[in-house]
Amino acid sequence: MAEGKSGIFFMEDALEMVLVFDGSGIISYANAAAMKKLEYDKELCGRHIGDVFPNTFRQTEDGFETEHIFGDEIKNLVAYRRNLTCFPVEARILDSRESAGTYICMANDILEKEFLNKEIEQVKQEAQQALKVKSEFVANVTHELRTPVNGILGNVREMYDDSLDGRTVRSLKLIERCCDDMNKIINNILDFSKLEAGKFTLEPRKFHFRNMLDYVKSNHINKLTEKGLGFFMTVSPQVPEHIIGDELRIVQILGNLISNAQKFTSIGKITVEAVKTAQVNDKIELFFMVKDTGIGIDDADKDKLFRSFSQVDASISRKYGGTGLGLNICKQLVELMGGRIEVESEKNKGSTFSFSIWVGVCEEEENASFQKESQTVFEAPPPLAGEEESVEDIRKYGTPQNFKTLRNNLSKLILCVEMENWEKAEMFMETVRELTNGAPREVGRVVLRLKMAIQKENYDKITTAFEELNQILNP
């Protein structure tokens with residue numbers, strides 16, 4: 001550091017340029033950084049400040065004129081080198097507190113910063129262009145895939161005939177199921193690509209809320225009933241009859257959550273609840289809960305649920321299928337509707353997925369009272385876990401409730417085998433396997449033999465294993 005004539009201490013080794021000039025504009029001090037950046041030797045001292053900042057300071061007979069306001073505020077200026085080339089700087093010009101009529105300019109070269117900013121902007125634009133190309137490619141590919149899949153599906157349905165033998169019908173049904181699954185995957189990928197590209201738009205319109213829930217129920221009730229699961233759907237009386245929102249996407253979110261619950265639940269029931277939680281002007285917040293009594297999720301795995309292309313673990317994809325896109329799409333759709341989605345779960349005790357959305361309320365219903373004596377309730381046949389039969393008792397091998405449920409599922413399983421409906425037989429076999437968790441080793445061996453026989457469609461071995469299990473359950 002060196003002390004100038006004004007008594008101010010200057011930082012000779014400072015990285016930023018430091019210039020000191022007086023009221024006449026003559027530079028009396030320049031540090032090493034200033035002389036290096038401006039390409040001067042010692043002759044920088046004695047020159048006018050307008051030589052360095054000609055766009056900011058105009059030389060006059062009395063000294064200089066400037067529109068620049070002195071102070072701590074940083075301004076973007078242009079500094080000129082000795083050879084009259086220029087570069088951008090961020091500068092502050094202060095009045096010296098220790099010497100009247102003396103000014104201190106501190107400036108940083110931002111040429112490199114501006115260059116990097118331009119490079120960053122170029123990389124950003126290239127990334128956006130790449131994302132656009134990817135999104136267009138995905139959209140085109142999914143549309144192209146849908147055409148042959150629907151072609152296969154249509155031809156398969158035309159091939160059904162009463163004269164076909166059982167094996168051929170099973171093969172056709174398998175192809176039909178694969179085509180349906182492929183269409184679901186294509187739709188998920190298309191939705192995901194639109195959401196990622198920011199091109200997804202909601203289409204709100206007026207619709208009847210309870211009719212929408214009835215439609216959701218009708219889409220799932222058959223599979224849930226076949227699986228022996230109870231299904232309850234309740235609506236708070238405060239929810240208006242008609243709301244304004246994207247009905248298709250609300251159905252998509254509920255359908256995905258109910259399908260997941262059905263997929264991972266073998267015993268018990270699934271409950272859907274809808275309540276009104278808030279109102280601001282003509283907007284209301286609706287809160288939904290989808291509860292199940294399925295396999296549950298460990299706390300450590302919850303953060304994986306809403307990631308794209310992610311499952312809790314690899315065994316989930318092998319055992320239950322899925323792309324890992326469904327919940328991520330649900331999350332993004334919910335956020336587009338101004339809400340959020342969460343999950344509460346305990347391993348082997350079920351899960352509760354909840355989400356909120358904001359929708360419009362119709363003008364004619366805005367001030368209406370929706371209080372009713374009771375909630376609107378849709379329900380499937382009572383679940384196996386009734387008031388006196390908890391899911392825990394059913395799962396615990398050896399209890400009367402467990403044996404009762406086992407016998408019920410075994411009878412459905414053998415009926416599916418007799419009808420050669422192997423897909424449903426495997427579904428009931430999975431329930432039997434879950435109900436025999438914790439059973440003695442000899443029981444586990446019989447269950448394993450039964451499972452392998454069903455996978456191989458071996459009727460004789462299925463019958464043998466079934467009779468062994470029946471003897472255990474009916475001593």
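This is a predicted model: local features need pLDDT of at least 70, side-chain atom pairs count only at pLDDT 80 or more; totals for chains, interfaces and linings use all residues.

Residues are numbered from 1 along each chain as its sequence is written, and side-chain values use heavy atoms, with hydrogens and water left out.

**Stop 1: the sheet**

Switch to cartoon view and find the open sheet of 5 strands, ordered β4-β3-β9-β8-β7 with antiparallel pairing. Helices (H or I, at least four residues) and strands (E, at least two) are DSSP runs, numbered from the N terminus; two strands pair if DSSP finds at least two bridges between them. Which strands stand at the edges? They are β4 (27–30) and β7 (71–80); each has a single partner strand, so one side of each lacks a neighbour in the sheet. From one strand to the next, the twist averages 30°.

Now select 86–95 and 102–109: these are β8 and β9, paired in the antiparallel sense over 7 bridges. Zoom in on Asp 95, whose bridge partner in β9 is Tyr 103.

**Stop 2: two loop residues**

Select Leu 84, in the loop between β7 and β8. Its phi is near 70°, a positive value in a residue other than glycine. Leu 84 counts as exposed, at 64% relative accessibility (buried is under 20% relative accessible area, exposed over 50%, partly exposed in between, with a 1.4 Å probe and protein chains only).

Next, pick Glu 39 in the loop between α1 (32–38) and α2 (49–52). Here phi is near 60°, again positive in a non-glycine residue. Glu 39 is partly exposed, with a relative accessible area of 42%.

**Stop 3: a helix pair**

Show 400–418 (α11) and 422–435 (α12): their axes come within 8 Å and cross at roughly 160°. That makes α11 roughly antiparallel to α12 (the cut-off is over 145 degrees). Axes are lines fitted to C-alpha atoms, for helices over the stretch in contact, with angles from 0 to 180 degrees between N-to-C directions.

Finish on Glu 434 in α12. Is Glu 434 buried or exposed? At 9% relative accessibility, Glu 434 counts as buried. Beyond residues up to four places away in sequence, Glu 434 touches Ser 266, Ile 267 and Arg 395.

Terms used: Angles under 35 degrees count as roughly parallel, over 145 as roughly antiparallel, 65 to 115 as roughly perpendicular and the rest as oblique. Contact means heavy atoms within 4.5 Å.
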